[in-house]
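Please look over the structure shown below before reading on.

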Amino acid sequence: MIRTRYIAVIAFVLFSFQATAGTYEDLIAAARGGDLETVATLVKRGADVDTTDPEGNSLLMLAAREGHGPLVDYLLAQRPKVNLRNSAGDSPLRLAAFRGDLAIVEKLVAAGAHVNTFDWTPLIYAAFNGHAPVVQFLLKARADVNAASDNGTIALMAASRGGFTEVVDLLLRAGADPNRTNENGETAVDVALHFNQTDVAARVRKAGGRSGKSVKLEIK
């Protein structure tokens, strides 16, 4: 009798674990695919709105990264942790800025997402991909134009790398320092020239920028 009960308990636990695992996988897949109906159903059944995938991406991060606006709206209404970070250090706002989805960026900021963060900021992410509308919005939201990543990269350098002249102009007008250097001693001018963005290099020079590299003469 005792053995029978023991087996029954084990079977129940295993069934519950399998059901939970299935729910988790369904939830993550639905968030990635923008399946609002499935996400809402599972959350109503008790799924945690801050559930994360193996890389630490929350449901909100997945929805923001993939540009699923309606799902972002639903998740924000559930009061998730809008400043969670995944294993790479990305937040929902950084992912939305990298994608260039202005509507989602605006919603996240309105919900309390941090515009200024340590390391790679949403502004740097947006500048890296040349998303001028997002850069403009973040600057109006008081993003620090000279905030630097862990390797010293600022938004101006990121935009210069890709040759995004409109973004470069926006950043310079907002007070970006054209002579800030990264960990390699390179300024925005150096970065632009390294990637053959001569037009951008000329723009930055016109704003007072110069190369951060010193010329060394070797005596043989």
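The crossing of helices α6 and α8 is right-handed, a term for a near helix turned clockwise from the far one by less than a right angle, with left-handed meaning anticlockwise. This is a predicted model, in which local features need pLDDT of at least 70 and side-chain atom pairs count only at pLDDT 80 or more, while totals for chains, interfaces and linings use all residues. Residues are numbered from 1 along each chain as its sequence is written, and side-chain values use heavy atoms, with hydrogens and water left out.

**The chain as a whole**

- The protein chain has 12 helices and 0 strands, where helices (H or I, at least four residues) and strands (E, at least two) are DSSP runs numbered from the N terminus.
- Of the 220 residues in the protein chain, 43% are buried, where buried means under 20% relative accessible area, exposed over 50% and partly exposed in between, with a 1.4 Å probe and protein chains only.
- The protein chain exposes about 12100 Å², of which carbon and sulfur atoms supply 53%; such areas come from the Shrake-Rupley method with a 1.4 Å probe, and for residues only the protein chains shown count as cover.
- Among contacts in the protein chain with a separation of 6 or more, 65% join residues 24 or more positions apart, a contact being heavy atoms within 4.5 Å.

**The pair α6 and α8**

- Helix α6 (residues 102-110) packs with helix α8 (residues 132-140) at an angle of about 20 degrees, their axes being 9 Å apart; the axes are lines fitted to C-alpha atoms, for helices over the stretch in contact, and angles run from 0 to 180 degrees between N-to-C directions.
- That angle makes α6 roughly parallel to α8, since angles under 35 degrees count as roughly parallel, over 145 as roughly antiparallel, 65 to 115 as roughly perpendicular and the rest as oblique.
- On the α6 side the contact is made by Leu102, Val105, Glu106 and Val109, and on the α8 side by Pro133, Val134, Phe137 and Leu138.
- By class, this contact of α6 with α8 has 7 nonpolar, no polar and 1 charged residues, where Ala, Val, Leu, Ile, Met, Phe, Trp, Tyr, Cys and Pro count as nonpolar, Asp, Glu, Lys and Arg as charged, and the others, Gly among them, as polar.

**The pair α2 and α4**

- Helix α2 (residues 36-44) and helix α4 (residues 69-77) have axes that come within 10 Å and cross at roughly 15 degrees, and α2 and α4 are therefore roughly parallel to each other.
- The crossing of α2 and α4 is right-handed, and in it Leu36, Val39, Ala40 and Val43 of α2 meet Pro70, Leu71, Tyr74 and Leu75 of α4.
- The contact of α2 with α4 has 8 nonpolar, no polar and no charged residues.

**The covered helix α5**

- Helix α5 (residues 92-99) is mostly covered, with 6 of its 8 residues buried, namely Pro92, Leu93, Arg94, Leu95, Ala96 and Ala97.
- The cover over the buried residues of α5 includes α3 (59-66), α6, α7 (122-128) and α8.

**Loop residues with positive phi**

- Arg79, in the loop between α4 and α5, has a positive phi near 55 degrees, and Arg79 is exposed, with a relative accessible area of 74%.
- Asp119, in the loop between α6 and α7, has a positive phi near 65 degrees, and Asp119 is partly exposed at 24% relative accessible area.
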